[in-house]
Amino acid sequence: MPAIAFTADIWKSGARKYYISLSVHVFDDEFEVIPFVLSLRQLTGRHLAINVEAFIKYELNEKFQMMPNQRAGITTDCGSEMFAATAHGLFGPRHSCIAHVWNNVVKNDQVQSATSTIMVVKKRRIQPIYDEFLSEDNEPVIIQPETRSITLVGLLERVFNLLDRCRQLITDIRNIGVVQTYALVEIGKKGRGFTIDMDVRWNTTYQMIDRLLEHQNLVDVIVRRKFDGLTVCQTNRLKLVALNPDDWDVLRALHQVLTGFDVATTIVSASHYPTFFDSFWAITKLRQILISNADQSRYVEFLKTTVLDYLDMYIEKHLSKGQQEGMLIAAFLDPETHNDMSQDDFSKAMEIVKQKLEQMSTTTSSSSSTTTTTTTTTFSSLSLPTSQMTFSKKDAAKQRMNHLAGIGMNLSNDRSITAAVEISLFTNAIKTNQSFKEFWSTHNQSFPRLVTLVRRYSIVPATSVASESAFSVCGFIARKQRSSLSSRTLRQLLVLKYRKNLLKFKRQDQPSLLQDRLTQSLSFGITGSTAV
């Protein structure tokens, strides 16, 4: 059985029940990723690391009996309990979901933890500076921040407070009926309305800013328009969150910086389940975007510097050395990213691949002597009937001479190349416009050692989006109209949804133990608990 990669995550349903999901990713013979849900169970107790570990251990060791050398790795989010449950290596190397890492960069450091920096410097949270009285026309008098010199801490403070005001503005537009009605009419049925960012959703801060910038003229009209039926408090609150031209410039700068994260998250969370080489490519491009200084304002320059520092810090914090090496290997072996690697990354990847191939040669050398003895007798011409011989007299004579010399036919035809030669031939062959699937389907016999690395490292998912997708399906199935649906039935329905992918996994000449186990688990007579 080939190397298998996993993703795991925890989800809380609308009925406030916690479920844990375990999905599987494996290559077929044509190097197409086959994803499917291995298991979904309800967590009856607290979702602590010990319970999560017990669930995964039961599924892999007892139920499906997967060997340790088959486990290419498990991808999870950066939660403390999930990290503690999978970091020991029992389920293969543990890898961080790259989209969660980027979300932490944007949420915790660039946007929300800006206040932590302010707390260190000034020991208190800074609020927007307003005049304590309103002018005669009820317009708030705001001290213009552009008169101050821009510093890194000052800009982060301003971004944090500005986003707070944007959230309050959107909340007021939604909660005040007459304002909401006016906004809906102006936006229209096909337009995109306002949205507020959420900690648990990826790129929602970018989406909030994007909608505000799209409707900038509408926002300026709303905060200045005199609506009938508003109280004085509501009117003043709308005016106090009004955005001046410099505020809009800051939002545009933040939007420009966060655009790269939004596009990168789209790449690594697509429906085709991107893997290590996609995450490596996206991280590389993100760094290039943040380093670039073309056509940028003073705000963009400060924000890019800050985000780049936090990006490097979180990658170093959450991505292990093994994961970073795996990403380099996968990028090196993928024709879509191989030719786009920098010279430094290419040299590092080349060295790591050579080390991996040397380790493979060391582990297989001990068994070469036994296989030689076996194959010598197997392919001996003396054991074949005359009717099955397809050799000429010359070939038959050479074969018999080899046999008398103790050399098997397989050894005379199998002139294995060294690892260095295989890498050299690979670097020449990969200079092509073929996709990953096309290239390795064509050259899988030409590079037998590298194919082993491909099946182990290029299958590892970049994110836990497979589990997130399964939870979306669960949320639709276990909706309020089906509130009495049992966890056992929910699990069986979810496994059946991926039955088409499961059938691809079964080879015609070899029954799949994994499929047999999944089929047994769908039986209503199966023994054992459905929850952990």
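At what angle do helix 5 (residues 152-175) and helix 12 (residues 298-318) pack, and how far apart are their axes? The angle is about 95°, and the axes lie 10 Å apart. Angles of 65 to 115 degrees count as roughly perpendicular, and helix 5 and helix 12 are therefore roughly perpendicular to each other. On the side of helix 5, the contact is made by Leu152, Leu155, Leu156, Arg158 and Val159. Helix 12 contributes Tyr299, Phe302, Leu303 and Thr306.

**The chain as a whole**

The model is predicted. Its protein chain has 532 residues, 46% of which count as buried. The secondary structure consists of 25 helices and 5 strands. The accessible surface amounts to about 27300 Å², and carbon and sulfur atoms account for 53% of that surface. Of the contacts between residues at least 6 apart in sequence, 69% join residues at least 24 apart.

Confidence is given per residue as pLDDT. The mean pLDDT of the chain is 78, with 76% of the residues at 70 or more. In residues 110-148 the pLDDT is below 50, and this stretch has 64 contacts in the model beyond near neighbours in sequence. Residues 367-391 also have a pLDDT below 50, with 21 contacts in the model beyond near neighbours in sequence.

In what order do the strands of the open sheet stand? The order of the 5 strands is 3-2-1-4-5, and the pairing is mixed. Strand 3 (33-43) and strand 5 (94-96) stand at the edges, and each has a single partner strand, so one side of each has no neighbour in the sheet. On average, neighbouring strands are turned by 25° against each other, direction ignored.

The pairings are listed below.

| Strands | Sense | Bridges |
|---|---|---|
| Strand 2 and strand 3 | antiparallel | 10 bridges |
| Strand 1 and strand 2 | antiparallel | 8 bridges |
| Strand 1 and strand 4 | parallel | 4 bridges |
| Strand 4 and strand 5 | parallel | 3 bridges |

Individual residues show how the strands line up. Tyr19 has Gln42 in strand 3 as its bridge partner. The bridge partner of Ala8 is Leu22 in strand 2, while Ile4 is bridged to Arg71 in strand 4. Thr75 stands opposite His95 in strand 5.

Strand 1 and strand 2 form a hairpin with 5 residues between them, and Arg16 in its turn has a positive phi of about 60°. Strand 2 and strand 3 form a hairpin that also has 5 residues between the strands; in its turn, Phe31 has a positive phi of about 60°.

**Cover over the strands**

Is strand 1 (residues 4-12) mostly covered or mostly uncovered? Strand 1 is mostly covered, with 7 of its 9 residues buried. Why is strand 3 described as largely enclosed by the rest of the structure? The description holds because 10 of the 11 residues of strand 3 are buried. Strand 3 is thus an edge strand with one side left without a neighbour in the sheet, yet it is largely enclosed by the rest of the structure.

How values were computed:
Residues numbered from 1 in each chain as written. Predicted model: local features only at pLDDT ≥ 70, side-chain atom pairs only at ≥ 80, totals over all residues. Heavy atoms only, no water. Helix = DSSP H or I, 4+ residues; strand = E, 2+ residues; numbered from the N terminus. Buried < 20%, exposed > 50% of the residue type's maximum accessible area, 1.4 Å probe, protein only. Contact = heavy atoms within 4.5 Å. Areas by Shrake-Rupley, 256 points an atom, 1.4 Å probe, with all protein chains shown as cover. Pairing = 2+ DSSP bridges. pLDDT = per-residue confidence, 0-100. Axes fitted to C-alpha atoms, helices over the stretch in contact; angles between N-to-C directions. Parallel < 35°, antiparallel > 145°, perpendicular 65-115°, else oblique.
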